[in-house]
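Colleague: Take me through one part closely, please: the sheet and its surroundings. Keep it brisk.

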Amino acid sequence: MSTQETNPDSIVEMPPPIESGHGDPLIAIRDLKVYFPIAGNRNVKAVDGVTIDIYAGETLGLVGESGCGKSTLGRAILRLVEPTSGQVLYRNNDLAKLSTRELRKHRRHLQIIFQDPYASLNPRMTVGQIVGEPLDTFRIARGRGAEQRVQELLETVGLSKRFTKRYPHEFSGGQRQRIGIARALAVDPDFIVADEPISALDVSIQAQIMNLLEKLQREKNLTYLFISHDLRAIRHVSDRVAVMYLGKLVEIAGAKAIYADPLMPYTKALISAVPVPDPVVEATRQRIVLEGDVPSPINPPTGCRFHTRCPYMIETCKQVVPPLVEIKPNHFAACIRISPDQPDIEKVAPGAAPGLEAAEQVISQ
Amino acid sequence: MPLSKMNNNGNLLEVTDLRTYFDTEDGIVKAVDGISFQLKRGETLGIVGESGSGKSVTNLSIIRLVPTPPGKIVSGKVIFDGQNLLTLSNEAVRHIRGRRIAMIFQDPMTSLNPFMKVSRQLMEMTRLHLGHTKQQAYEHAIKMLETVGIPDARARANNYPHEFSGGMRQRVMIAMALSCEPELLIADEPTTALDVTIQAQILELIKRLKQATGTSVILITHDLGIVAGMTDHLLVMYAGKIFEQAPTKELFATPGNPYTKGLLRSVPDPTAEQGELYQIPGLPPDVAHLPPGCPFAARCDRVQEICHREFPPFVQLTADHCSLCHFAHEVYEESRAEGARSSESNL
């Protein structure tokens with residue numbers, strides 16, 4: 001068990017312990033906050049105290065609805081947006097505190113694939129220039145060597161090496177996403193943030209890109225943070241899944257467990273809202289339909305941020321911010337109405353908060 | 001064919017050999033190319049397909065909103081309650097559109113007027129179509145907003161569209177669409193722009209309102225999960241053609257077309273452990289330059305020489321199940337055999 005060296009005062013939530021077989025975390029995120037200042041001296045608390053480890057070789061799925069902060073979290077890890085506070089530890093360096101020059105040395109190991117393959121490729125550059133640019137920036141290869149490397153990269157992502165002279169507009173959405181992946185791979189990264197990489201694509205193309213990402217992971221031992229609102233895709237590609245709501249992580253578990261056995265009421269509703277492509281299942285399924293919309297992150301609800309929509313809300317939920325607690329082995333949830341002894345919220349006595357004690361312990365630490 | 005007000009076999013809508021072509025720099029794009037289907041009163045029909053398959057142009061053709069030029073409905077009939085909408089005057093179509101056939105689009109923000117209070121936009125509908133007075137129309141607007149679950153409807157009616165969230169805007173759109181009690185509601189990707197939990201709200205709302213009013217619905221989407229729970233019948237479109245049509249349960253259980261089969265297999269099933277996803281190789285075809293044979297041939301995993309040469313027949317598999325494929329019977333029998341095997345393994 002090795003938790004990264006951190007100032008204990010800064011830890012609000014206990015970092016989830018390392019699962020067996022995971023080894024050391026590649027990236028350790030500690031109490032990360034990203035606030036965006038807006039008019040009237042207020043802040044949008046896009047990411048508000050996130051603590052999680054990402055292990056080498058795994059795919060961590062990050063799921064949540066629009067505005068929950070999942071993309072901001074992904075970008076803050078790479079410092080594409082500046083964190084307000086907290087740590088992002090990568091190989092014992094706190095990325096959040098490095099100078100721009102020092103950061104650059106690490107950037108080549110940390111890459112990102114964007115959602116919109118139309119907006120993330122420069123329309124005036126050829127595919128060869130787009131994929132080759134990182135090679136030049138990081139002085140990895142030049143001239144003939146670079147050309148050859150670009151051709152290899154294109155073939156790796158399933159494109160013809162003859163495409164180097166073409167421009168992005170000559171390609172379909174799925175092909176452009178492949179170009180974006182080739183660009184990310186050019187510098188041989190360890191870690192890739194895939195920010196909604198399939199959301200803009202057609203169903204038949206989504207499967208192609210998911211398979212490609214999985215193949216590359218096996219071949220190159222990549223670690224992914226896969227961000228998506230598509231729970232079916234997340235379930236398919238991820239080893240573990242973290243659920244985010246209004247800037248906070250509310251549940252972390254293995255992909256299978258989070259689907260078969262969601263613990264926290266928001267996750268339960270989210271999973272039950274996913275339409276299953278099977279009419280027989282759909283005909284008999286009871287769906288939890290949440291009331292209302294996601295509240296504004298400018299003025300998030302007090303206590304548990306989900307309390308305004310939660311069917312299991314009790315008065316205490318308005319006051320206590322629930323920390324992530326290990327309710328079942330390697331299954332963390334933030335809800336004071338459940339505890340390791342009583343993990344099923346349906347069976348908890350009305351008004352009871354069996355998790356309150358554990359929550360208060362974590363908070364007081 | 002003479003127009004008749006007769007209610008033929010309970011069909012509210014009969015589309016026959018509809019063709020909508022677009023004249024582009026790239027040549028003629030046959031966006032919808034000879035499709036036929038019926039919709040019975042009170043039923044929900046799902047149209048699924050990828051971008052460019054022609055599903056949205058089908059919808060626009062039915063309500064005569066194809067942008068002309070470059071688009072043109074080249075041939076076909078759209079019989080709505082006995083009248084061919086394609087031969088009616090623009091004036092006559094306007095009386096049907098909005099009143100008897102209503103629409104919901106993907107993006108409610110572009111379909112609502114940003115400069116008008118929501119109440120006024122709702123009132124326009126009933127004042128125009130039902131001849132309501134201002135007061136009647138206002139009360140009706142409030143009632144509709146309540147029906148679709150807008151909290152504090154009387155106060156919210158005076159808000160502008162930007163003051164609503166995405167889900168609430170889509171509710172306003174639905175309130176507008178249903179305010180004249182249409183017989184047919186066409187919903188084109190109604191939840192694509194919404195979050196999962198909001199999507200669930202909107203789908204439940206459409207289901208509930210449909211049960212209450214008996215409206216027929218055409219639901220256009222790319223999401224097989226949504227059609228599974230919402231529709232009675234399904235059309236699968238590809239390259240402007242109907243590739244398969246069947247009752248929803250049957251289409252999911254025993255698909256008779258390799259494209260449908262591939263599509264069903266390429267969607268991750270959240271309830272099952274899966275290895276690598278099945279993937280349909282290649283890209284959807286360029287509709288402006290279709291090959292002579294089957295438009296899916298280049299991507300099909302059971303392609304034969306005949307598929308590249310000859311356009312496939314529309315094969316009738318059962319009374320209401322058809323598939324556009326040279327090998328429709330074989331694919332269908334395979335699906336049945338697989339279905340029998342998997343239900344055995346579930347026992």
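Modeller: Contact here means heavy atoms within 4.5 Å. The model is predicted, so to speak plainly: local features need pLDDT of at least 70, side-chain atom pairs need 80 or more, and totals for chains, interfaces and linings use all residues. Residues count from 1 along each chain as written, chains are lettered from A and ligands numbered from 1 in written order, and side-chain values use heavy atoms, without hydrogens or water.

Chain A has an open, mixed sheet of 8 strands. Its order is β6-β7-β8-β3-β9-β10-β12-β11. Strands (E, at least two residues) and helices (H or I, at least four) are DSSP runs numbered from the N terminus; paired strands share at least two DSSP bridges. β6 (110-113) and β11 (325-328) of chain A are the edges. Each has a single partner strand, so one side of each lacks a neighbour in the sheet.

Take one pair. β10 (248-254) and β12 (331-333) of chain A run antiparallel, over 2 bridges. Glu251(A) sits opposite Ala333(A) in β12(A).

Now the helices. α1 (70-77) of chain A packs on the sheet. It touches β3 (59-63), β6, β7 (191-195), β8 (223-228) and β9 (240-245) of chain A. Its direction makes about 150 degrees with that of β8(A); axes are fitted to C-alpha atoms, for helices over the stretch in contact, with N-to-C angles from 0 to 180 degrees. Helix α6 (203-220) of chain A lies across β3, β6 and β8 of chain A. To β8(A), α6(A) runs at about 160 degrees.
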